[in-house]
Every structure is written in structure tokens, then in C-alpha cells.
Amino acid sequence: MDYVKPSDLVTRLVDAGASKIGMSARETLVRAVMGGAILGLAAAFAVTVSTQTGQPLLGAILFPVGFIMLYLMGFDLLTGVFTLTPLALLDRRPGVTVGGVMRTWGLVFVGNFIGAFAVAVLMAIYFTYGFSSAPNEVGLAIGEIGHGRTVGYADHGAAGMLTLFVRGVLCNWMVSTGVVAAFMSDSMIAKIAGMWMPVMLFFYMGFEHSIVNMFLFPSGLLLGADFTLMDYLLWNEIPTVVGNLVGGLAFVGLPLYLAHRRKAAAAEPVIPVAAGETEGTTEPELVGATR
């Protein structure tokens, strides 16, 4: 059978987290840029389907296509990195430090934003014929999402901020479950099925995903939606990032580690790779799905 036992699963997760910390800045950024870009396209696709068919469930069913593609190609999202890299630190892997974890988080955040924003610009051009006309119905729908999920939270004050944070927590509980599911089997079909289910749930329930929002909200601003950059940062992106960190680590990474970690032989120290080199940073045994 292709099923990976929980103790072996946790070893794979720790190995993946340590490997990411040892990657060069160039490799980390490239993986993150492409991850953010593909997820942005998937979000645009899902909103298009939902708007044109009037069936939000159909958009949610199809959204995981982008998520699965980017992970099978070995790209990275901040939400998955939030869950995996601290496990290598908790496991006391040689060469893994708090500074290394924070460096990886920062690089992936920047890369995801670059990729998602690039797609936001391209889709804004697409929705408006190069900004020569008003947005089409999909562009208007994206703008309304941005308005409702910034100003809409702000209208409720502290209760809105709490709701936003909780939606961020719930989101990465599901998304990181999908990331971990990719490690549960060496079968391509099993990986796809495992990633599909929790990601579909998060999207349909309207939970807050920091990288999806890096596409949706800049798109809304470019398309003239009625909210500001500060609304986006204070009433969505920053609380969402914090909620995503808590959700992935507290409800996925730590429970698996504490319940199933089996101490293995001492691992080799993690040595950051110099720019221009990639040797020693790949994870072939995980078939690329290590984010």
C-alpha cells in the first residue's frame, strides 16, 4: 500500500521543513513567486466560475486545481511553510535556527506577494481591456469581495477583527491539512485527492487565506473597488497572516509532531546553499509536494 504511517509521515514533514530552511534565497524566492502566481490564477478561475454560473460551490470544487498544480511542481506557499519549518526547529535539527526559520518566512512572504500581485495586474488588464473600459462582471465581483472583507470587518470593530483572525486560523487548519496530505502517500492520485478535499472546504466556507488575498485585494484596488490600501493591510492581510500561522502550527503541525514523532538517527547539519547552486536542496522522495 502507498499509505505512509503517521510516525513516518512526521519524519517526512520535519525533513521537508529542514530542507526549506537550507535553500538558497534565489531558490526560495523563485518557488514562492511561482506559488503565489499560480494560486492567484486559481482564485481568478474560481471567482469567474462562481460569477458566471451563479454556483459558488462549483468554484470551490475547481479552485484546488491550482493549489495541487503548484505543489506537485514543487513551489511554495507561506501557509505551508508556516507549518513545516518550525517542526525542524522543534526537532533540533543541526543548523536549523530561529533566524533561519524567520528568514524563510520572510522570503516566501515576499515571493508570494510578487507572484500574486503580478497576476492581479495581468487580470486587471484582462478584465478592463487594458484599463480602457469598466471592469466586467467578474472584475466587479472581485472588487466586491475586497470591499466586503475589509470594510465589512471594520464595521464590526473588535468583533470583526476577532472574526477575521478566526477565519485565518480555520483557513490554514484546512490548507495545511492539504499540504500534509500530500506526504501521506507516494501515489499521484492519492496526493491529489488528499489535497483536494480540505482546500475545497476552506474556499467554499470563505475562510481567509493570506496568499489568495494577495491576489484578490490588490485586484480590487486596481479595479477601483471602494476600500483603501490601509483597509487591506489592517483589516485583512496582517490579521490573516497571523491567523494562518496559528492555524497551521497549532492545529496541524504541532499535534502531529507531539502525537507521532519518533526520534531518528541524527541528521546532517543544514547548510544554506550559495546563490547559483541548488545541489542538496531537492526532495525527490516527496515527489515535489513538500510545501
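**Entry 1: Trp 173**

I began with Trp 173 and, leaving aside its neighbours within four places in sequence, I found it in contact with Gly 247, Gly 248, Phe 251 and Val 252, where contact means heavy atoms within 4.5 Å. I note here that this is a predicted model, in which local features need pLDDT of at least 70 and side-chain atom pairs count only at pLDDT 80 or more, while totals for chains, interfaces and linings use all residues. Residues are numbered from 1 along each chain as its sequence is written, and side-chain values use heavy atoms, with hydrogens and water left out.

I located Trp 173 in helix 9 (residues 158-181), helices being DSSP runs of H or I with at least four residues, and strands runs of E with at least two, numbered from the N terminus.

**Entry 2: the chain as a whole**

I then read the protein chain along its sequence and noted twelve helices and zero strands. Of its 291 residues, 53% count as buried. Among contacts with a separation of 6 or more, 84% are accounted for by residues 24 or more positions apart. I recorded an accessible surface of about 12500 Å², of which 71% belongs to carbon and sulfur atoms; the areas come from the Shrake-Rupley method with a 1.4 Å probe, and for residues only the protein chains shown count as cover.

**Entry 3: aromatic rings**

How many aromatic pairs does the structure hold? I noted ten aromatic pairs, where rings of Phe, Tyr and Trp (its six-membered ring) pair if their centres lie within 6.5 Å, and planes under 30 degrees apart count as stacked, over 60 as edge-to-face and the rest as tilted. In one of them, the rings of Phe 67 and Tyr 71 have centres 4.7 Å apart and planes at 65 degrees, so the pair is edge-to-face. Phe 67 and Tyr 71 lie four residues apart in helix 4 (residues 64-72), and are therefore separated by about one helical turn; both are buried.

I next looked up Tyr 126 and Phe 127, whose ring centres are 5.4 Å apart with planes at 50 degrees, so this pair is tilted. Tyr 126 counts as exposed at 56% relative accessibility, whereas Phe 127 is buried, with a relative accessible area of 3%.

Terms used: Buried < 20%, exposed > 50% of the residue type's maximum accessible area, 1.4 Å probe, protein only.
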